Amino acid sequence: MGNKTKKKIITAEDVRYVAKLSRLSLDEDKIGKFQEQLDGILGYIAQLDEVNTDGVLPTTHVLSSMKNVFREDELRESLTTEAALKNAPEADEHFFKVPKII
Amino acid sequence: MNTKKSKYETVVGLEVHVQLSTKTKIFCGCANGFGADPNTQVCPVCLGQPGSLPVLNRTAFESSIKVALAINCDVQEIVKFDRKNYYYPDLPKNYQISQFDMPIAYDGHLTVPGEDGSSRDIGITRAHLEEDAGKLIHDEKKPFSYVDLNRTGTPLLEIVSEPDIQSPGEAYQYLVILKHIIKYLDVSDCNMEEGSLRCDANISLRKRGDKELGSKVEIKNLNSFKAVRDALLYEEERQEDILSEGGRIEQETRLWDEKRGITSSMRSKEGAQDYRYFPDPDLVPFEVRSGLVETIRENLPELPVKKIERFAEQYKLDKKDIEVLVSERPIADFFEKVNTECNNPKVVSNWIQGEVMMHLKDKATNIEGLGLSAKALAVIIKLASGGTISGLAAKDVLNTHIDTGDDPEVIIKEQGLEQVSDEGELDVIVNKVIEVNEKSANDYRNGKVNALGFLVGQVMRESRGKANPKLAGDMLKKKLERK
Ligand SMILES: [Zn+2]
């Protein structure tokens, strides 16, 4: 790690928080590793901050010329229930089944 | 309400979710309908299968613009969709497609009448379009929950009010007005029992005159407008009790318990939700051209407030009558069609509020389902007011017409309901009645005016209801006064 002096964008706390939001359980000894990697990614992207964007309009989509893609309100065939449930880890004939949620 | 004179004032904001009644879902061609067998209206898009792509339903978009205009919002020129990320088993993609910073519309208002006859404008912060989630079904005896994803992807328009509402009663009125408008636009069933209209409320109290808002409590599980009002009344009192004893209101979400009539804390998930909104790369932005907005605006139906004003002006009806007639757009339209044919507003209004509504109730149907044309009702009304049939016979004709669909004129002929309005024909009967009822006849001659009613009744009986009662009365009077 050659850039110890550079301020980290991502802290260990951030890693734990993001893992929690993503429902991932991370062993404590992995946190440093992910911190390093995430920091690298964000650091790379942060180079964009150096670009002068004065007078450039904000973009909301990479396909800047494409707009207004609609479909008409017309019925299409749905899947059969059997097909819809096929890949579910747990299901019965009609429903997906998930651990109890109240 | 006991808080009117209290040193606190109530601040309420409402978030209303309206399911749009399009034929298909918002981003796929699956049917959008309530009550189908579980997981029969699903496809790769609404199940969030990898590789599937959402495409926006044009009708859902335009219906949203309709609502936005009707509640006086500014429709935005550029609209985009964002992903709202959270984990819950009713949300197959683990994000909901919603709108964050570029919603369909901002900054509207609704004019809400108060109890004292005045009215106030309640601000509307924004309206945005999103997809509904699926439905979870719990069975207490089982260690798992069932998921039905039919509802996933139902177009939902969320309408967020400003914290402008000052009382539970005003919140109730706001909802009534909003629902009335949306029903008029014919873009949603607005059925709270089926969930096509849902409402969350937030409420805080502050010392009268304070600028800053108090900590607010969000209330969920409100299944009717009455529940909204009752829950807010309860919460208003609960918060006032805490504050006046020097306590503090905790910012939290509480659930309304309809049976017990109380709210209780929904164990707050530690930390605020972090939805990490970001633009949905699967959906390109939408540019709303002013031409489209103007076309939609021009084609908006006449909304309730305007209709009420016009009915008062054009038909000179009472406020009460107008309220009933405009309560539903199809009824108002029906009234106008009937009246165009027979031009007798008060009588048409009475017929619709009386007989027609009774039939609607009996048959549990709406005006389209009743099988009564405006023309037929107008014919019946004209025949009754012109004296061809009696008022009573007219009701019979209407019943028969609704049951059989036969022409009113045919029914009258077949059942011989035509009133006898011919003096010659009635003469025999009138003479006979005077003869048989000598005592009453003499009573009348001696100044007992009431006796006439009895004699008219006898003429009606003798003619089996067909005599024109007014004519019968005139003839009786003439004959009795002559001697
Ligand atoms: Zn679908």
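Helices α14(B) and α16(B) are roughly perpendicular to each other (65 to 115 degrees counts as roughly perpendicular). The contact is made by Ala441(B), Tyr444(B) and Arg445(B) on α14(B), and by Lys477(B), Leu480(B) and Glu481(B) on α16(B), where contact means heavy atoms within 4.5 Å. The axes of α14(B) (residues 438-445) and α16(B) (residues 469-482) come within 10 Å and cross at roughly 75°.

This is a predicted model, in which local features need pLDDT of at least 70 and side-chain atom pairs count only at pLDDT 80 or more. Residues are numbered from 1 along each chain, and side-chain values use heavy atoms.

Strand β7(B) pairs with β8(B) (residues 119-131) in the antiparallel sense over 8 bridges; two strands pair if DSSP finds at least two bridges between them. Val112(B) stands opposite Arg120(B) of β8(B). The two strands form a hairpin with 5 residues between them, and Gly117(B) in the turn has a positive phi of about 90°.

Over all chains, 36 salt bridges are found. A salt bridge is a side-chain nitrogen of Lys or Arg within 4 Å of a carboxyl oxygen of Asp or Glu. Examples follow.

| Salt bridge | N to O |
|---|---|
| Glu131(B) and Lys93(B) | 2.7 Å |
| Arg260(B) and Asp257(B) | 3.5 Å |
| Glu302(B) and Lys307(B) | 3.1 Å |

Glu131(B) and Lys93(B) are both buried (under 20% relative accessible area; exposed is over 50%, partly exposed in between, with a 1.4 Å probe and protein chains only). Arg260(B) is exposed at 62%, whereas Asp257(B) is partly exposed at 23%.

Definitions and conventions: Chains lettered and ligands numbered in written order. Axes fitted to C-alpha atoms, helices over the stretch in contact; angles between N-to-C directions. Helix = DSSP H or I, 4+ residues; strand = E, 2+ residues; numbered from the N terminus. Parallel < 35°, antiparallel > 145°, perpendicular 65-115°, else oblique.
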